[in-house]
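User: I've got a model open and a few quick questions about it. Can you walk me through what stands out?

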Amino acid sequence: QGHLSPADWKKAVADAKASPTAVLLDADGATGLAYGAKTTPDMRVINGKGELVYSGAIDDDPSAKGDPAKASCYVSQVLDAVLEGKAPPVTSTKPYGCSVKYANPPAAPATK
């Protein structure tokens, strides 16, 4: 759902006048599944050592009608702390948003 080709992503980024350092296209869902992403957005911050230092919501306002400028942004707080060499103020929160629809979801665990 919402899949774009690499060329379409380049256009979308240009049209939005965005300047990301990278865009990960995870068409097969391998990365999302590896990190256990269940909602979108479902944020992860990985430090320079490759360690997961935060997982969860982007901010503290799950309302679709909320004002992002008034929300407390967990991701910004964690990134600032990591870049300053400090421990993140929060390491995990409950993500909110729409469920991720994987093309090839993992099989449900067998029950007894």
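Analyst: Let's start with Ile46: at 40% relative accessibility, Ile46 counts as partly exposed. That label covers the range between buried (under 20% relative accessible area) and exposed (over 50%), with a 1.4 Å probe and protein chains only. Keep in mind that this is a predicted model, where local features need pLDDT of at least 70, side-chain atom pairs count only at pLDDT 80 or more, and totals for chains, interfaces and linings use all residues. Residues are numbered from 1 along each chain as its sequence is written, and side-chain values use heavy atoms, with hydrogens and water left out.

User: Which strand does Ile46 lie in, and what does it touch?

Analyst: Ile46 lies in strand β2, residues 43-46. Strands here are DSSP E runs of at least two residues, helices are H or I runs of at least four, and both are numbered from the N terminus. Leaving out residues up to four places away in sequence, Ile46 touches Tyr35, Glu51 and Leu52. Contact means heavy atoms within 4.5 Å.

User: How does β2 pair with β3?

Analyst: β2 and β3 pair in the antiparallel sense, over 4 bridges. Two strands count as paired if DSSP finds at least two bridges between them. β2 and β3 form a hairpin with 5 residues between them, and Gly50 in the turn has a positive phi of about 85 degrees.

User: What stands opposite Arg44 in β3?

Analyst: Ser55 does. The side chain of Arg44 also meets that of Asp42 in a salt bridge, at 2.4 Å from N to O. A salt bridge here is a side-chain nitrogen of Lys or Arg within 4 Å of a carboxyl oxygen of Asp or Glu.

User: How many salt bridges does the count come to?

Analyst: The count is 3. Another of them joins Asp15 and Lys11, whose closest N and O atoms are 2.6 Å apart. Asp15 and Lys11 are separated by about one helical turn, because they sit 4 residues apart in helix α1, residues 6-15. Asp15 is exposed, with a relative accessible area of 52%.

User: And Glu84, what does that form a salt bridge with?

Analyst: With Lys86, the closest N and O atoms being 3.3 Å apart. Glu84 is exposed at 53%, and so is Lys86 at 54%.

User: Back to α1. Why does it lie largely in the open?

Analyst: Of the 10 residues of α1, the number buried is 0, so the helix lies largely in the open. Lys17 follows α1 and has a positive phi, near 55 degrees.

User: OK, new topic. Which residues of helix α3 are buried?

Analyst: In α3, residues 74-83, the buried ones are Tyr74, Val75, Val78 and Ala81. Seen down the α3 axis, those residues fall within an arc of 135 degrees, so they line one face of the helix. That arc is taken from the directions running from the helix axis to the C-beta atoms.

User: What covers the buried residues of α3?

Analyst: The cover includes β2 and β3, the latter being residues 52-56. Just after α3, Gly85 takes a positive phi of about 75 degrees.

User: Which residues make up the largest nonpolar core?

Analyst: It has 8 residues: Val45, Val53, Tyr54, Ala57, Tyr74, Val75, Val78 and Val90. A nonpolar core means buried Ala, Val, Leu, Ile, Met, Phe, Trp, Tyr and Cys residues joined through side-chain atoms within 4.5 Å.

User: Last one: how many helices and strands does the chain have?

Analyst: The chain has 3 helices and 4 strands, running α-α-β-β-β-α-β from the N terminus on. Buried residues make up 19% of its 112 residues. The C-alpha trace spans about 45 × 40 × 35 Å along its principal axes.
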